[in-house]
Amino acid sequence: MLRRLLILGIFAGTSASIPIVYQANPHLVDGLLQSTAASRRAAPPQVNLASVPDKPATPMPLGRQVLVNADGRGHFTSQFKLNGRQIDGMIDTGATLVAINVSTARRIGISLNPSDFNRQVNTANGAIKAAVVTLARLQIGKISIDNVQAMVLDDNALQVNLIGMSFLQRLQKYQVQDGSMLLAQ
């Protein structure tokens with residue numbers, strides 16, 4: 001019985017990894033298929049598997065991975081959920097923390113007093129006051145991270161919400177390739 005379960009597990013694992021290998025190396029898989037076809041026939045026909053787009057527009061089907069395409073300016077913008085509420089944000093590897101403005105903080109259920117803005121932070125526009133908060137949950141696609149540290153800035157100081165390193169460093173990996181950023185948990 002154990003032997004059958006082991007064989008079934010190996011078969012299931014191998015079957016599940018085939019799409020991953022194909023997405024990562026379509027030329028390798030096509031070459032293997034063509035060489036197999038060539039050994040069976042004298043004149044092998046061109047093998048053309050279903051066309052795979054270079055950049056998937058939605059989260060990848062296996063695991064907790066999301067691919068964010070760069071916009072026209074080269075920025076990685078997407079929709080995120082902060083504390084369960086949908087917001088627009090830009091991924092910023094240069095930001096130490098997730099940074100949201102006061103309007104977004106109110107929308108996601110964080111209320112602040114003027115005395116909460118007790119931290120001095122340096123931004124591209126100079127030094128300003130910020131409040132440090134903890135987001136209960138930050139999500140993008142199937143990726144979800146709890147208890148993410150963030151800072152809240154005045155609406156005039158921050159027009160675009162930034163998804164910074166306090167989120168990114170808790171992922172398994174994030175990488176930029178061919179105009180897209182892959183996030184994996």
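Leu-82 faces Leu-138 of β6 across a strand pairing in this predicted model. The pairing in question brings together β2 (residues 77–82) and β6 (residues 126–140), which run antiparallel and are held by two bridges.

Getting from β5 to β6 takes a hairpin with two residues in it.

On to β7 (residues 143–153), which pairs with β6 through nine bridges, antiparallel too. Ile-140 stands across from Ile-143 of β7. The hairpin of β6 and β7 has two residues between the strands, and Gly-141 in it adopts a positive phi near 60 degrees.

A further piece of the model is an open sheet of three strands, ordered β1-β10-β9 and paired antiparallel. The edges belong to β1 (65–69) and β9 (173–177); each has a single partner strand, so one side of each goes without a neighbour in the sheet. Neighbouring strands in this sheet are turned against each other by 15 degrees on average, with direction ignored. As for the contact of β1 with β10 (residues 180–184), five bridges do the joining, and the two strands run antiparallel. One of the residues involved is Asn-69, whose bridge partner in β10 is Ser-180. In general, strands of a sheet pair through backbone hydrogen bonds, in either a parallel or an antiparallel way.

Definitions and conventions
Residues numbered from 1 in each chain as written. Predicted model: local features only at pLDDT ≥ 70, side-chain atom pairs only at ≥ 80, totals over all residues. Heavy atoms only, no water. Pairing = 2+ DSSP bridges. Helix = DSSP H or I, 4+ residues; strand = E, 2+ residues; numbered from the N terminus. Axes fitted to C-alpha atoms, helices over the stretch in contact; angles between N-to-C directions.
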